[in-house]
Number of protein chains: 2
Amino acid sequence: MSGNVQSAPEPGIRSTVPIRRVSLHDEVVARLRELVLEGQLAPGMRVPEKMLCERFGVSRTPLREALKVLAAEGLVRLLPNRGAEVTRLTPKEAEEMFAVMAVLEAAAGEAACRRIRDSEIEEIRALHARMVERYHAGDRPGYFDLNQAIHRRIVEIAGNSVLTGIYNSLAVRIRRARYAANLSPARWDEAVREHEAILAALVARDGATLARLMADHLRHKAQAAVATLRDEQGELS
Amino acid sequence: MSGNVQSAPEPGIRSTVPIRRVSLHDEVVARLRELVLEGQLAPGMRVPEKMLCERFGVSRTPLREALKVLAAEGLVRLLPNRGAEVTRLTPKEAEEMFAVMAVLEAAAGEAACRRIRDSEIEEIRALHARMVERYHAGDRPGYFDLNQAIHRRIVEIAGNSVLTGIYNSLAVRIRRARYAANLSPARWDEAVREHEAILAALVARDGATLARLMADHLRHKAQAAVATLRDEQGELS
DNA sequence: GCTTTTCATTATGAATGCAAAATGCATTAC
DNA sequence: GTAATGCATTTTGCATTCATAATGAAAAGC
């Protein structure tokens, strides 16, 4: 007796979405990931199970399952018999991740040019406009979010869900670099101009150009990010 | 009282590798993955925990942890309150995976050309020779293994561990397509010639050409794989 | 005084137990 | 005869428990 309204199989009622039932496991994975990304669980830090169990109010079983998943994602590292520790994002690793993202974004851009609809171009254009507005307002977080949204949307439009998945998981992992924080005015200005060019190539549906522009744009981003990480690591040592 | 030989911290004994202690969890993950890849757990099949527990002789806890990890890898899908099922590799998904691999391999080839040493070229050359030999012997599995080894080695030589990781995880997932099984003689011949060209570009350290060749090679592979999958799915329905 | 050893405490790895959900089957109503 | 309902069984999700390895502190040896 599921209590659900599935006994009426006639069409037209499919708006009755299956009532939301999130497993504890998924919830814990999501929350734990959030803690790591926010930096509440600092890189290099040991992650005692007990503390997290109390924090989330769950037993160790779902928490341990979640840790394994995060480990598979590369956000934590499991030390045999010594629990987990939050992985440190090294400059080298960030560099490598950006290199891969550059390749993926270039490919996505090219594919997106072949598939993008006019309505989607308008969508990107709107995001772009809002981003430029945030730039002029000097609002870094707002700018950064819209920037991400544009990149992500272009990747989505490419229409390759495997590509989208890999891209997103990389984007999650790299978010810890927080390179947007110390974006120099000069670089910020340059980034906006790069985005102008990207938008133009997209509007013109010029795949080859867009691919090149996005790869270059990512390379520049990578430099800023790696510099930030080197600074952070310098402070530590 | 760890029983280990760590009480002598003087250098020179680092050859004492930390004695192999595999957690049950890792072992189960590896074995389960193997079962899925081998096809012993057929795509679409429900995976009852109990059966696997008996099969591996472990309790449900490590098995369930392993299932979550495999789910994160995309090899199984977790159905709330109804266990797991082995994901089906659809032609569409395979197509998407090959498209991503083509991009990654192209990038890897280009990077590899910049970094490859003479000794590594010899290594690839040797693998290639053995592969061609397997081809003439009509040994498909042997050919296929060496083929994979070459691609994998080129990616490794590119020296980007993030790229290598993503590539390998894709390679694992796509292995289920078993497209090598029905390689037509014509296509097989063509594939070998493509590999000849790839080797030549690598020897010449011609990154641009290698990138193009590898991408094209992958695209052709993809066609064979997708055709195989469509046949398989046709049989089912 | 410093190192080493021993022991108590704590945390982790894995198994078991329990409640809730799903599945299959028999029965009943039409 | 068919479809729906109720019930027993099985399976899953999570909590708890148990055994073992790691950690830290006190005591013994040099």
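I began in a loop: A:Arg178 is found between H7 and H8 of chain A. The model is predicted, and I kept that in mind for every entry below.

**Loop residues of chain A**

I looked up the backbone of A:Arg178 and found a positive phi of about 50°, although the residue is not a glycine.

A:Arg205 sits in the loop between H8 and helix H9 (207-236) of chain A. With 14 C-beta neighbours inside 10 Å, A:Arg205 counts as partly exposed.

I also checked A:Asn182, which lies in the loop between helix H7 (161-174) and helix H8 (185-203) of chain A. From A:Asn182 I took a distance to A:Thr87, which is 95 residues away along the chain; their C-alpha atoms are separated by 22 Å.

**Chain A as a whole**

I listed the secondary structure of chain A as 9 helices and 3 strands. Read from the N terminus, the order of elements is α-β-α-α-β-β-α-α-α-α-α-α. Of the 237 residues of chain A, 35% count as buried. I then took the contacts in chain A between residues at least 6 apart in sequence, and 72% of these join residues at least 24 apart.

I looked up the domain division next: chain A has domain 1 (24-86) and domain 2 (91-236). Over C-alpha atoms, the centres of domain 1 and domain 2 of chain A are 29 Å apart. Their contact takes 4 residues from domain 1 and 5 residues from domain 2 of chain A. On the domain 1 side of that contact I counted 2 nonpolar, 1 polar and 1 charged residues.

**Chain A against chain B**

I then went to the interface, where 23 residues of chain B are in contact with 23 residues of chain A. On the chain B side, H3, helix H4 (91-115) and helix H7 (161-174) each supply at least two residues. H4(B) gives the most to this side, with 8 residues. By class I recorded 12 nonpolar, 4 polar and 7 charged residues on the side of chain B that touches chain A. Of the interface residues of chain B, 100% are also interface residues in chain A, so the copies meet through the same surface.

**Nonpolar cores**

Which members of the largest nonpolar core touch the most other members? That core has 96 residues, and the answer is A:Val103, A:Leu104, B:Val103 and B:Leu104.

**DNA strand C**

I looked for the residues around DNA strand C and found 20, of which A:Glu49, A:Gly83, B:Leu24, B:Ser59 and B:Thr61 come nearest. At least two residues each of the surface near DNA strand C come from helix H2 (49-56) and helix H3 (60-73) of chain A, and from helix H1 (24-38) and helix H3 (60-73) of chain B. The largest share, 3 residues, is from H3(B). I sorted the residues of this surface into 5 nonpolar, 9 polar and 6 charged.

**DNA strand D**

I repeated the search for DNA strand D, which 20 residues surround; the closest are A:Leu24, A:Ser59, A:Thr61, B:Glu49 and B:Gly83. Two or more residues of the surface near DNA strand D come from each of helix H1 (24-38) and H3 of chain A, and helix H2 (49-56) and H3 of chain B. H3(A) gives the most here, with 3 residues. The classes near DNA strand D are 5 nonpolar, 9 polar and 6 charged.

Technical notes. Residues are numbered from 1 along each chain as its sequence is written. Chains are lettered from A and ligands numbered from 1 in the order in which they are written. This is a predicted model: local features need pLDDT of at least 70, side-chain atom pairs count only at pLDDT 80 or more; totals for chains, interfaces and linings use all residues. Two residues are in contact if their C-beta atoms, placed from the backbone, lie within 7 Å. A residue is near a molecule or strand if its C-beta atom, placed from the backbone, lies within 6 Å of it. Helices (H or I, at least four residues) and strands (E, at least two) are DSSP runs, numbered from the N terminus. Ala, Val, Leu, Ile, Met, Phe, Trp, Tyr, Cys and Pro count as nonpolar, Asp, Glu, Lys and Arg as charged, and the others, Gly among them, as polar. A nonpolar core is a set of buried Ala, Val, Leu, Ile, Met, Phe, Trp, Tyr and Cys residues joined through C-beta atoms within 7 Å. A residue is buried if 20 or more other C-beta atoms lie within 10 Å of its own, exposed if 12 or fewer, and partly exposed in between; C-beta atoms are placed from the backbone. Domain bounds come from an automatic or database domain assignment.
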